Amino acid sequence: MLSVDVLLAVCLGYVALLFVIAFVVDRRTRRKPIAWLQSPVIYTLSISVYCTAWTFYGAVGSAARNGLEFVTIYLGPTLVFIGWWWLLRKLVRIGRAHRVTSIADLISSRYGKSSGLAVLVTAIVVTATTPYIALQLQSLTRSYQVIDTNADGSTTAFWIAAGMALFTILFGTRNLDANERHHGVVAAIAFEAVIKLVALITVGLFVTYGVANGLSDVFADVDVEALGGDDIFGPRWVVLIFLSATAIICLPRQFQVTVVENIDEGHLKTASWLFPLYLLGICIFIMPIALVGMKTMPEGANPDLYVLTIPLANQHYELTLLAFLGGFSAATSMVIVAAIAVSTMVSNHIVMPVILRVIASDRAVSGDVRDLLLTSRRFSIVLVLGLGYLYFWLSGGSGALAAIGLIAFVGVAQFLPSLIGGLFWRGATRVGAITGLLVGFALWAYTLFLPSFEGQFLLSMSVLNDGPWGIAALRPHALFGLQGLDPLVHAVVWSVGLNALVFLIVSTLTNADVVERLQAGQFVDVYRTGDDKSSRVATTSAGAEDLYILAQRILGADPARRLFYDLARSQGMTGDLPRPTDAVIARLERELSGSIGAASAYAMVQRITGRQTVGMTELIDIADETQQLIETSRQLAEKSEELERTAEELRSVNERLRSLDAQKDDFVSQVSHELRTPMTSIRSFSEILMDADDISSDDRTRFVSIIHEESRRLTSLLDELLDMSRLETGAEDLPLAPVDVSDAVVTALDAVMGMTRKAGVVVDSELDGSAPLVSANGDRLRQVLMNILSNAVKYNDAKDPTIHVRTVVTDDAVWIDVIDNGGGVTREDAAVVFEKFARGSRASRDRGAGLGLPICRAIMRAMGGDVTVEFAGDDTSFFRVRLVPSDATAMVRQVAGD
C-alpha cells in the first residue's frame, strides 16, 4: 500500500530537486550562458507547459465521456505550430523589438501604450486564469484523495494552494530580470515536461500490455464509430479546435514561454515540428487508458483519475507514485508559469502605477522600486492562487476537468481579435480594442463563466433557467433566442463573434492618435522597421526610448539602429540601448541636424530630454510631419521614375511611327515602281503602233500581245493591292465554315498538277485522315495552298525536284507543311518574305510583285490561323500553314464522348 508519508516525502523531494535545478541554472546563466540550456529542445519542452493536469488527467476522462473529442485539444496547437508558425515568429520578433513582458504589455503597447487597455487585459487575464488555477487544485486534490481517502477536499486544496504560492514565489520572484526572462524556471519546466511525458507513456504501456493483452484486446468489443461521438467534425469540434489554437497563442503562460522567454527566433523552426511530436506522445495512450479503465474499473469510478487508479488497483505502487508525480508536474508547471505571467501583469500595470503616483519622485529612481516590484509580484501570486482556491470552493470542486479548462480557453480567446488585428491591420484603434474586449468579456462572463458556479455565485438557478426577471431571451445558455447549441459553442459565438465585430466596426469609425499610428507601423511592419536584436525599445529608461523613437522617425529604422548600436558599444552595452548621457545626446543632435537642420535638431533633442516643456505627442507630430515629407519625396521620386519610363515609351512609339512613315514611303515607292514598269511598257508599244506606219503584221501582233500581257499584269497587281488592303483593314469579312483539310490539299494539288508535270516535279502527300474539320474559307485556303505550291515549283532547282505535303494534328491546331528539296528559304530571307514587295534572294527570275506571301499571311490571320517559315534540325526550311479546329468538331467530339 502506498502510504501518505511516502507520497509527501517524494513530493517534497521532487520540489526540492526542481528548486535546485532552477537555482543552479540561474546562477550559472548569470555568469555565462549555458549552450544546451538555451537550445531549441529546451525551448520546445518549456512550451509543453500547455499540457497541464487537464491534459494528464482530464484528457482520459474526456475520452471516456466523449470519445475522440479530446483530440481537438491537441489539433489546434498542432495546426498553429505547423501551419501558422509565421504568426508566432512575428509575435516573437515584436516581443524582442519592444521588450514585451506579457500579453497585456504587447496589446497595450500596440494601441498607443494605453495604460487603461493594459489594466483591462490584466483584469480579463486574472478572471480567465482563475478557473484554470482551480482546475489544477481540483486535479491535485482528487489525486491526493485517491491515496489518502480520509482527506478533506477543501482543506487539501487550501494547503496545496498555499504550497504552490510559496513554491511559485521562490521560483519566480527571487530577483528581477531586465528582460523578464527566467532561465531557471524554463529549465525546471523542461525537466517537468520530460517527467509527465515519461509518466503518461509508462502508464499507457502498462495499461495496454500489462492490464490488457495489447491493442487488439483494448479495442475488442469497442464500437469504433461511437468513439467519435455524434458531433465529430461538427460545430463543437470546430469550436474546440479554434479554442485550443487560440489558447496556444493567448494563454498568459503560453505567451510567457513562447514569446517572452524566447532567446532565439530560430528556435521556432524546431518547435514547429518537435512540439506537435511531443503532443503526439502525450495523447497516444489516452484512448487505450480510457477504454481499459471503462472495462476494468468499478462502476462509478472517476474516469479523470484512471491514470492513477488503474495502477493503484493493480497494486503497482511505484507506477502509481510515478503517475502522481506526472500529474503533480503538469499542475505545478502550469501554476508556476501562469502565476509568474499574471503577477507580472498585475504588478506592472495595476500595482506599480498606483505606487509610483504616491511615492516621491526621488524614490522612483532608487533601489526601493525593485523591492516594491518584487513585493507586488509576490502579493499578486498569492492573489491569483487565492482566487483559484475561491473558485474551487464556490464551485464545490464539481464538474469534469475538461469543462473547467474550456471556460478559461474561451476567456483568453477574447484577446484574439485585438491581437491579430493589431499585428496585421494599421486601422485597428485603441477604442475599437477596448470596446471589443469589454463586449466579449461581458458576454463570456454571462454565458459561460458565471453559469459554471451553478447558481452559487451572482446568477441564481432561476436566472440560469428562466433568464433575469423571467425574460427567456436573456437566458445565459439561450441568449436572444439562440437555442439548441452546445453551451460552449453558444458562448464562443456570442462572445468572440461580437467581440470581433465590435472591434472592426468601432476601429473603422474611430481614428488613432499619433502614438497609436507610430506603434501600428512598428508592429505591422516589424520586419521592415526593425529586427529582433538591435531594434529594442528600452523599458528601463524612458529617455533612451524616446530618443530612439525620435531617431527612427527622422533618420529611418536602419540608420537609427546603426547609430544606437554604435552608441551602446561605446558604453560597453552591446545589444542594449545606450544610457542617455550628454555625449549620446550631442551625437544624436549632430546626426539629426543633417536631416532637419541644426536649429530644429537642437530644439527637438532639448525638448525630448526634458530641458524644454513640450510634450512627447507634439514631438511625435513633428517627427510624423518630417516622415511625411520624406514619404512625399519618395513618392515624387517614384513619380519621376514613372514619368521617365513614360517618356521612354513615348520615344519608342515615336521611333516606331518614324519607322512606319519610312515604310509607308518605301511602300509608295515600290508601288510606283511596280506600276510604272508595265505602264511604261504599254505606253512605249502603244506609241510605236500609233506613230509607225511601216510595222509588219508580225511585229504588230507581237506588240499588241506585249501590251495585253502588261495590261494583265497591271490588273493583277491592282487586284492584289486591293485584296491586301481589304484583308489588313478588316474590310473583307471572310465567311468561315468547317472545311476538310485533306480535301483542300487534294484540290490545291490538282490545280497545280499541270505546273508540276511541266516542271518535272514529283509530288507526294501524307495526309492524316483523322484530322478534324477546321474553321476556314475554302476558296481562300486553296488560294493560299496554290500560292505556296507554285512557289515550291518555281524555286525548286534540285536535280530531281520533289514536293512533300503533310498534315499534322496537335491539341489545338492542324498544320499543313509544304516541304521541297530545292534549298528552301534562308534564315535571312525568312525574316522579310512576308513583307510587301519583298522577294527572296533567289527570286530574280520571277516577275511577281512580291505580294503573294503577304496576302497569304493576311488571309490566314483573317481565318484565325497563320503561315510561317519553319526550320528543321539541319537548317532545311519549309512553309507551315496553321489552322484552328472548328466548333463543329468540338461538338461532334462532345457528343461522341457522351
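Modeller: The model is predicted, with local features needing pLDDT of at least 70 and side-chain atom pairs counting only at pLDDT 80 or more, while totals for chains, interfaces and linings use all residues. Residues are numbered from 1 along each chain as its sequence is written, and side-chain values use heavy atoms, leaving out hydrogens and water.

Biologist: What makes β4 and β5 paired strands?

Modeller: Strands are DSSP runs (E, at least two residues), numbered from the N terminus like the helices (H or I, at least four residues), and two strands pair if DSSP finds at least two bridges between them. Since 7 bridges join β4 (residues 802-809) to β5 (residues 814-820), the two count as paired, and they run antiparallel. One of the bridge partners is Asp820 in β5, which belongs to Ile803.

Biologist: How do you know that β7 has partners in β5 and β6?

Modeller: There are 5 bridges between β5 and β7, and 6 between β6 and β7, with an antiparallel course in each case. Arg880 in β7 stands opposite Asp817 and also opposite Thr868.

Biologist: Why are β2 and β6 called edge strands?

Modeller: The open sheet has 5 strands in the order β2-β4-β5-β7-β6, with mixed pairing. β2 (762-766) and β6 (866-871) each have a single partner strand, so one side of each lacks a neighbour in the sheet. Neighbouring strands are turned by 20° against each other on average, direction ignored.

Biologist: What makes you say that helix α36 packs on the sheet?

Modeller: Contact means heavy atoms within 4.5 Å, and α36 (residues 852-862) touches β6 and β7 (877-883). Its direction makes about 120° with that of β6, where axes are lines fitted to C-alpha atoms, for helices over the stretch in contact, and angles run from 0 to 180 degrees between N-to-C directions. Helix α32 (residues 741-751) lies across β2, β4 and β5, at about 165° to β4.

Biologist: Why is Leu205 called partly exposed?

Modeller: Buried means under 20% relative accessible area and exposed over 50%, with partly exposed in between (1.4 Å probe, protein chains only). Leu205 has 40% relative accessibility, so it counts as partly exposed. This residue is found in helix α9 (residues 183-211).

Biologist: What makes helix α13 mostly covered?

Modeller: In α13 (residues 252-260), 9 of its 9 residues are buried, among them Phe255 and Val259. β7 is likewise mostly covered, with 6 of its 7 residues buried.
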